[in-house]
Amino acid sequence: LDEKAHMVTGTQNVLLPGASGGTYAIERLGVPSVTVNDGPAGLRYDTTVWYPSVINLSSSWDASLAAQIGVAMGKDCLVKSMDVILAPGMNIQKNVLGGRNFEYCSEDPLLTAYIATAYTQGIQSTGVGVSLGLGQVVQFL
């Protein structure tokens, strides 16, 4: 039961500085731990590039540019030994008061799909995984 619980809970006690968290290894089954890092605009490290926010990137409508930035971010992950980057954010922005709107691609679903696909393919082309950001959208009444 502990192994099953560890598969879905993860850990914040990772050995890499700057990591956002990770998963437990299950040595008995040969399953390694996975280290994750925040990253809609670059890894959360003091020595990595801070890329344009995803909303700015989406505003370009340039999938090729999104893929190139994805490749660069994937390479940053490899240098810092990160396995998965927590990006891209794909919430559909419904209210201008959303404090994290800059982390999401667009208020337009088609543009979000267009840019997020290229961005994801760029990152994954380096062998790094992505975790698509589909968090809760807060509605202000």
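Student: Which side chains meet in a salt bridge?
Tutor: Those of E3 and R28, at 2.6 Å, N to O. Keep in mind that this is a predicted model.

Student: How many salt bridges does a search of the whole structure find?
Tutor: The count is 1.

Student: Where do the two partners sit?
Tutor: They link distant parts of the chain. E3 is in helix α1, and R28 is in the loop between β1 (21-22) and β2 (35-38). They are 25 residues apart.

Student: What lets such side chains pair at all?
Tutor: Side chains of opposite charge can pair when their charged atoms come close.

Student: Is E3 buried, partly exposed or exposed?
Tutor: E3 is partly exposed, because its relative accessibility is 31%. The cut-offs are under 20% for buried and over 50% for exposed.

Student: And R28, buried or exposed?
Tutor: R28 is exposed, because its relative accessible area is 62%.

Student: Back to α1. How many of its 8 residues are buried?
Tutor: The number is 0, so α1 lies largely in the open.

Student: What about V8 then, buried or exposed?
Tutor: V8 is in helix α1, residues 2-9. V8 counts as exposed because its relative accessibility is 70%.

Student: What follows α1?
Tutor: G10 does, and its phi is positive, near 75°.

Student: New topic, helix packing. At what angle do the axes of α3 and α4 cross?
Tutor: Roughly 35°, and the axes come within 6 Å. The crossing is right-handed.

Student: Which residues make that contact?
Tutor: On α3, they include A63, A66, A67, G70 and G74. On α4, they are Y114, I115, A118, Y119, G122 and I123.

Student: Why would residues three or four places apart point the same way?
Tutor: An α-helix has 3.6 residues a turn, so residues at that spacing point the same way.

Student: Last one, T120. Buried or exposed?
Tutor: T120 is in helix α4, residues 109-124. T120 counts as buried because its relative accessibility is 12%.

Student: What does T120 touch, leaving out residues up to four places away in sequence?
Tutor: With those left out, T120 touches P88, V130 and L132.

Note on methods. Residues are numbered from 1 along each chain as its sequence is written. This is a predicted model: local features need pLDDT of at least 70, side-chain atom pairs count only at pLDDT 80 or more; totals for chains, interfaces and linings use all residues. Side-chain values use heavy atoms; hydrogens and water are left out. Helices (H or I, at least four residues) and strands (E, at least two) are DSSP runs, numbered from the N terminus. Buried means under 20% relative accessible area, exposed over 50%, partly exposed in between (1.4 Å probe, protein chains only). Contact means heavy atoms within 4.5 Å. Axes are lines fitted to C-alpha atoms, for helices over the stretch in contact, and angles run from 0 to 180 degrees between N-to-C directions. A crossing is left-handed if the near helix is turned anticlockwise from the far one by less than a right angle, and right-handed if clockwise. A salt bridge is a side-chain nitrogen of Lys or Arg within 4 Å of a carboxyl oxygen of Asp or Glu.
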